[in-house]
Amino acid sequence: MARKIRDTWGSRLGIIMAVAGSAVGLGNFLRFPVQAAKNGGGAFMIPYFVALLLVGIPLMWVEWSIGRYGGGFEHSTAPGVFHSLWKKNRFIKYFGVIGIFGPLVIMVYYTYIESWTLAYSFFSLTQKYSGILEQSSMQAFLRGFQGLEKNQYFSSIAPAYVFFLITFMINMVVLNYGIRGGIERFCRFAMPTLFIFATILAVRVLTLGAPDLSRPDWNISNGLGYLWNPDLSQLKSAKVWLAATGQIFFTLSVGIGVILTYASYLKKGDDVTLSGLTAVSMNEIAEVILGASIIIPAAFVFFGPMSMGRIANSGAFDLGFVTMPVIFGRMPFSGVFGFLWFGLLFLAGVTSSVSLAQPAIAFLEDEFNISRKRSVLFFGVVTFILCNGAIFFLGKGVVNDLDFWGGTFCLVLFATIEVILFGWVFGINKAWEEAHHGADMRIPGIYKYIIKYVTPIFLLVILGAWFFQEWLPIIRMDNVSSGNKVYILVTRVVLLLLFLGLTVMVKIAWRKRKVKGERS
Amino acid sequence: MTTFGWVFLIVSWVLILGLALFCFMRVFKKKKID
């Protein structure tokens, strides 16, 4: 069978928007402000910028470089890319399975959460939650919507399921049109729209002043202060440094294999250094400037300093889906601002979820020579089945477990492997030359040492600390209630089977490749 | 917000906006280094 012509990016701005779209997600607007407020306020920015310079930006350059390098061998996913980097090693391709498995696992629960944002955008326009002005009632609204309880707002999970189906289909349609016609085209529309929505919301929040005249201290300046006033004593805590590093991982989408896949569609002479840094800068604007200016300051001026501890500790989802709708309900034009908020989260979600799906689809296309449409169909059927577990067993802790394995463990492990491969196995001098091929910007020389020594040590310390502190409690499910243990166990068995299935597929693909090579 | 809070906010914003400005100016210049 003749090999297909590989898809490519239509423009440089297109891939920058797509990578930034992959990075800008729900975490920029929900997770970052909470992490900053809980971990030292302004002081959190010190470990945050250190982690950005020592882990985030180097990993971004590593993924862009190895992705483009692997693309030159017609590999778009980590098994093939790792094999291209270390041809003599027979086993390295199996480590690359993490770069397909991790994004796939995240995609399974992320699409469902993304569908809530679509539903709430609709509810904002139709004023379904407009009369709810108390957090406890809004919490009941969310639980009813999620199917966790039957109440006056929802009698079943059906509405949530319908919005999930619509969201899932939107993702599949974008993916079906491929890199240039689907992902790039969608991101070129979605990213500017998302930034416009976020800017309008940030300006609205920053001009709120003190909405309750009887409480002049509940003003926007003090709201910003809640997030930015530095508590420098927190810098002594290892927890704060780990939280900042974790946030950098989550926010940049590095260490999971999606940027590697996107970069594989670049041409050999395309720049990676400046494009990678530009995508980082877009993500940071969305996170530190826009993300930090909406949710925490708005919550402060409406609920006051005494409630902020409870609100910040309620978790990112409660902040986004409970606190924010209540805040909008207390503002004029609540429907419009609610729509802008959930609309921006939805766009941020879709640009991220299509990037999470792309490695598995590219794997089928590249290694099994299956057409784009058939690959999307196969991927869609498998993912759809798995998503149902996340939907119907949400209350059993399944999503949290998927998030741990896909979104935390695989992330750090994969990042460690790829940076060691790039700096040590491929060789830092060759790697440096590869990164600068066709470059529009020279990377500062100090990064040669950062990529070779500092980033891997940083990652190994995090991985080691995790093994030391959390390995056993997580495996033993110490923090899982006895009623939920069976659900978590089944989830883990399914994940293990999925990982083994992907490993077997890699073995089959390479065997086919070998037979084909011997014949020709 | 304290003076220190404003300093942290302004320095963070300037660093990020400066990085974005630097990057986008070069992206649109399309000048290769080699």
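This is a predicted model: local features need pLDDT of at least 70, side-chain atom pairs count only at pLDDT 80 or more; totals for chains, interfaces and linings use all residues.

**Overall form of chain A**

- Chain A contains 23 helices and zero strands.
- Its radius of gyration is 23 Å, close to the 24 Å given by the globule rule for 520 residues, so chain A is as compact as a globular protein of that length.
- Along the principal axes, the C-alpha atoms of chain A fill a box of roughly 80 × 50 × 45 Å.

**Where the two chains meet**

- Contacts between the chains involve 24 residues of chain A and 18 residues of chain B.
- On the side of chain A that touches chain B, helix 11 (220-228) and helix 14 (273-290) each supply at least two residues.
- Helix 14 of chain A gives the most to this side, with nine residues.
- By class, this side of chain A has 12 nonpolar, eight polar and four charged residues.

**Helix 1 of chain B**

- Helix 1 of chain B covers residues 3-29, which makes 27 residues.
- From its first C-alpha to its last, helix 1 of chain B reaches 38 Å, close to the 39 Å expected at 1.5 Å a residue.
- The buried residues of this helix are Gly5(B), Phe8(B), Leu9(B), Ser12(B), Ile16(B) and Cys23(B).
- These buried residues pack against helix 4 (45-71), helix 11 and helix 14 of chain A.

Definitions and conventions. Residues are numbered from 1 along each chain as its sequence is written. Chains are lettered from A and ligands numbered from 1 in the order in which they are written. Two residues are in contact if their C-beta atoms, placed from the backbone, lie within 7 Å. Helices (H or I, at least four residues) and strands (E, at least two) are DSSP runs, numbered from the N terminus. Ala, Val, Leu, Ile, Met, Phe, Trp, Tyr, Cys and Pro count as nonpolar, Asp, Glu, Lys and Arg as charged, and the others, Gly among them, as polar. The radius of gyration is taken over C-alpha atoms; the globule rule is 2.2 Å times the number of residues to the power 0.38. The expected span of a helix is 1.5 Å times one less than its number of residues. A residue is buried if 20 or more other C-beta atoms lie within 10 Å of its own, exposed if 12 or fewer, and partly exposed in between; C-beta atoms are placed from the backbone.
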